[in-house]
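Okay, thanks for coming, everyone. Let me put it up on the screen.

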Amino acid sequence: MEKKKNISMAVIKRLPKYHRYLQELMRNDVDRISSKELGEKIGFTASQIRQDLNCFGDFGQQGYGYNVKDLFNQISLILGLNKDYKGIIIGAGNIGQAIANYSRFSKLGLTVEAIFDANPKLIGMKIRDIEIEDIDGLSVYLQENNIDVGMICVPRINAQKVCDVLVEGGVNGIWNFAPVDLVVPEDVIVENVHLSESLLTLIYLLHKGDKE
């Protein structure tokens, strides 16, 4: 159970990393680990780890550290991995196809229920047994199905329009791969994956390194 209501986004964004490293420790049959040892593996300080986890409860024991399996399960619950989520992909281009082909989503509780596109050449094709549907049928589909996550993989010029259709259809979670900032109501959550911005950050760091 969460200890505090107002948790910073920085802490929340570190939780998936804790989850991944703890899962790796379990695969290597590690039963317990100290905050210092965990920090050395992840690249965080022991103090940072204790502060982050303290936001959600008291997980460690002084002189013992953390039970790896218990901590992994607790973070899984905090992340909401005990629930199932239904998602759809809008845009069956390269990015949309890559997402549709990524099998790990189902292990995290997200099932891709449908794929939509406007390209007549793609409509009717299948990706992992999911037939690509005409985007003109998106509104009706949303009325007939409860969808949690809409994955936007369309060109930026169409992204806001698609987003509006998703929001009107009751979708509260938007995973946006289009290079544009979407305008949504306050109760709709948007997670942006802007590939060009990430690349520019990498280029800047490379450029900065060349000057040092």
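Before I point at anything, one convention: a residue is buried under 20% relative accessible area, exposed over 50%, and partly exposed in between, with a 1.4 Å probe and protein chains only. With that in hand, Ser8 is partly exposed, because its relative accessible area is 39%. Ser8 sits in the segment before α1. From Ser8 to Cys55 you go 47 residues along the sequence, yet C-alpha to C-alpha they are 9.5 Å apart in space.

Now the housekeeping. This is a predicted model, so local features need pLDDT of at least 70 and side-chain atom pairs count only at pLDDT 80 or more, while totals for chains, interfaces and linings use all residues. Numbering runs from 1 along each chain as its sequence is written, and side-chain values use heavy atoms, with hydrogens and water left out.

Next, the overall picture. The protein chain has 212 residues, and 35% of them count as buried. The secondary structure comes to 9 helices and 9 strands; those are DSSP runs, H or I of at least four residues for helices and E of at least two for strands, numbered from the N terminus. Along the principal axes, the C-alpha atoms fill a box of roughly 65 × 50 × 35 Å. The accessible surface is about 13600 Å², and carbon and sulfur atoms hold 50% of that; this is Shrake-Rupley with a 1.4 Å probe, and for residues only the protein chains shown count as cover. A contact means heavy atoms within 4.5 Å. Taking contacts with a separation of 6 or more, 57% are between residues 24 or more positions apart.

On to the pockets. The search uses a 1 Å grid over the protein atoms alone: a pocket is an open set of points where a 1.4 Å probe fits, with protein on both sides within 12 Å along at least five of seven lines, and lining residues have an atom within 4 Å of a point. Points are joined across faces, edges and corners, and the volume is the space filled by probe spheres set on them.

So what lines the largest pocket? There are 32 residues, with Ile12, Pro16, Leu79, Leu81 and Glu191 nearest its centre. Two or more lining residues come from each of α1 (9-27), α4 (68-79), α6 (104-107), β8 (173-176) and β9 (189-192). The largest share is from α1, at 8 residues. The volume is about 1600 Å³. By type, the lining splits into 19 nonpolar, 6 polar and 7 charged, where Ala, Val, Leu, Ile, Met, Phe, Trp, Tyr, Cys and Pro are nonpolar, Asp, Glu, Lys and Arg are charged, and the others, Gly among them, are polar.

The second largest pocket comes in at about 250 Å³. It has 13 lining residues, and Ala118, Ile135, Asn158, Lys161 and Val162 lie nearest the centre. Here α8 gives the most, with 4 residues.

Back to α1 for a moment, where Arg14 lies. Its side chain makes a 2.7 Å polar contact with that of Asp52; the rule is an N or O pair within 3.5 Å, one able to donate a hydrogen and the other to accept it, with sequence neighbours counting only if both atoms are side-chain atoms. Leaving out residues up to four places away in sequence, Arg14 touches Phe44, Gln48 and Asp52.

Last stop: Glu186, in the loop between β8 and β9. Is Glu186 buried or exposed? Exposed, because its relative accessibility is 86%.
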